[in-house]
Amino acid sequence: MHRINVRTLNKYWKTTLHTGCQWFCGICCMAGIVSCSEQYNISGDSSVSTLDGRMLYLKAPSKNSYLANLDSCEVIHGKFNFMGMVDSTVMGEIFMDNEGFMPIVIERGNLSISISNTEQRVGGSILNEKLYHFLEQRSRLEEEIMTLSNLEAEMILSGVHPAIAHKKTVHRTNRLYTQLEELETEFISSNSDNILGTTFFNALCSQYPYPIITRQIETIIERASDRFKKQPCVRHYIEAAEANMKLINSCTSNK
């Protein structure tokens, strides 16, 4: 099992993954993994007293791209349970009221969740282990970057010239951003044959206002499996991005 800071996880999940088109693209790309409905069982334990008596909702993308309720349950004495059937492996999320707070790969079999005030744990499946291990590593790098940013601000407030303060932190910050990019690239490439690869590829691409080919995206495409590149959502993005890059290069060369 892997642990991750709840605050950092929520921030990452909401800012990079939680949009309807990404959810829909992820499920479309992985359609057909399971040819018939399979049962899942998710048992949860919580040591957070404020969760007792609250309703939790397990949601996943529907065909119209909206998050649909798969199941709901009440937290009673720190225990909760979701159970149901899925036609394929999908990315889901656990909600309390209208607030999503925990991503989860929903697949057949038994999954376990543990929630505390500071950490969340997911066990029972390889994909969820991979997901949380990645998020844990990513969160650590993001926190280091934030620490350096705060350090630079503190130096400036203490009277250090901004240029000098920036020079003291910029090299370490750039190294961390490089590590972060390499982490994302490796995670998507190594999971290009499952729901994690397509979900996070779409999350990465959604950061840009329109489809483009960056160095990172190009590396991912080169490393990814042929199956990944043939997925409709990936193929359509690549086609649109290549067309845009030709247009951009054409406009640049004419100046």
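Angles between axes under 35 degrees count as roughly parallel, those over 145 as roughly antiparallel, those from 65 to 115 as roughly perpendicular, and the rest as oblique. The axes of helix α3 (residues 126-157) and α4 come within 9 Å and cross at roughly 170°, and α3 and α4 are therefore roughly antiparallel to each other. The structure is a predicted model, in which local features need pLDDT of at least 70 and side-chain atom pairs count only at pLDDT 80 or more, while totals for chains, interfaces and linings use all residues. Residues are numbered from 1 along each chain as its sequence is written, and side-chain values use heavy atoms, with hydrogens and water left out.

**Overall composition**

- The protein contains 8 helices and 9 strands; helices (H or I, at least four residues) and strands (E, at least two) are DSSP runs, numbered from the N terminus.
- Of its 255 residues, 45% count as buried, where buried means under 20% relative accessible area, exposed over 50%, and partly exposed in between (1.4 Å probe, protein chains only).
- The accessible surface of the protein comes to about 13,500 Å², and 53% of this belongs to carbon and sulfur atoms; the areas come from the Shrake-Rupley method with a 1.4 Å probe, and for residues only the protein chains shown count as cover.
- Among contacts (heavy atoms within 4.5 Å) between residues at least 6 apart in sequence, 68% join residues at least 24 apart.

**The α3 and α4 pair**

- Two packed helices are described by the angle between their axes and the distance between the axes.
- For the roughly 170° crossing of α3 and α4, the axes are lines fitted to C-alpha atoms, for helices over the stretch in contact, and angles run from 0 to 180 degrees between N-to-C directions.
- The residues of the contact of α3 with α4 divide into 15 nonpolar, 5 polar and 7 charged.
- In this division, Ala, Val, Leu, Ile, Met, Phe, Trp, Tyr, Cys and Pro count as nonpolar, Asp, Glu, Lys and Arg as charged, and the others, Gly among them, as polar.
- Glu-154 is found in helix α3 and is exposed, with a relative accessible area of 52%.
- The C-alpha atoms of Glu-154 and Ala-165 are separated by 8.9 Å, and these residues lie 11 apart along the chain.

- Asn-191 lies in the loop between α4 (162-190) and α5 and counts as buried, at 2% relative accessibility.
- Not counting residues up to four places away in sequence, Asn-191 touches Lys-130, Leu-196 and Gly-197.
- The side chains of Asn-191 and Asn-194 are joined by a polar contact of 3.0 Å; a polar contact is a pair of N or O atoms within 3.5 Å, and within protein one must be able to donate a hydrogen and the other to accept it, with residues adjacent in sequence counting only if both atoms are side-chain atoms.
- At the start of α5, a side-chain oxygen of Asn-194 also reaches to within 2.9 Å of the backbone nitrogen of Leu-196.
- Asp-193 is found in the loop between α4 and α5 and counts as partly exposed, at 41% relative accessibility.
- A polar contact of 2.7 Å joins the side chains of Asp-193 and Ser-225.
- The C-alpha atoms of Asp-193 and Phe-228, 35 residues apart along the chain, are separated by 6.0 Å.

- Helix α5 (residues 195-205) is mostly covered, with 11 of its 11 residues buried; among them are Ile-195, Phe-200, Phe-201, Asn-202 and Cys-205.
- Thr-214 lies in the loop between α5 and α6 (215-223) and is buried, with a relative accessible area of 18%.
- The side chain of Thr-214 reaches the backbone nitrogen of Ile-217 at 3.1 Å.

**Loops between strands**

- Ser-47 lies in the loop between β2 (38-46) and β3 (55-61) and is exposed, with a relative accessible area of 53%.
- Leaving aside neighbours within four places in sequence, Ser-47 is in contact with Ile-115 and Ser-116.
- Most residues other than glycine have a negative phi.
- His-77, in the loop between β4 (67-74) and β5 (79-86), has a positive phi near 50° and is exposed, with a relative accessible area of 71%.
- Asp-97, in the loop between β6 (90-96) and β7 (99-106), has a positive phi near 60° and is partly exposed, with a relative accessible area of 44%.
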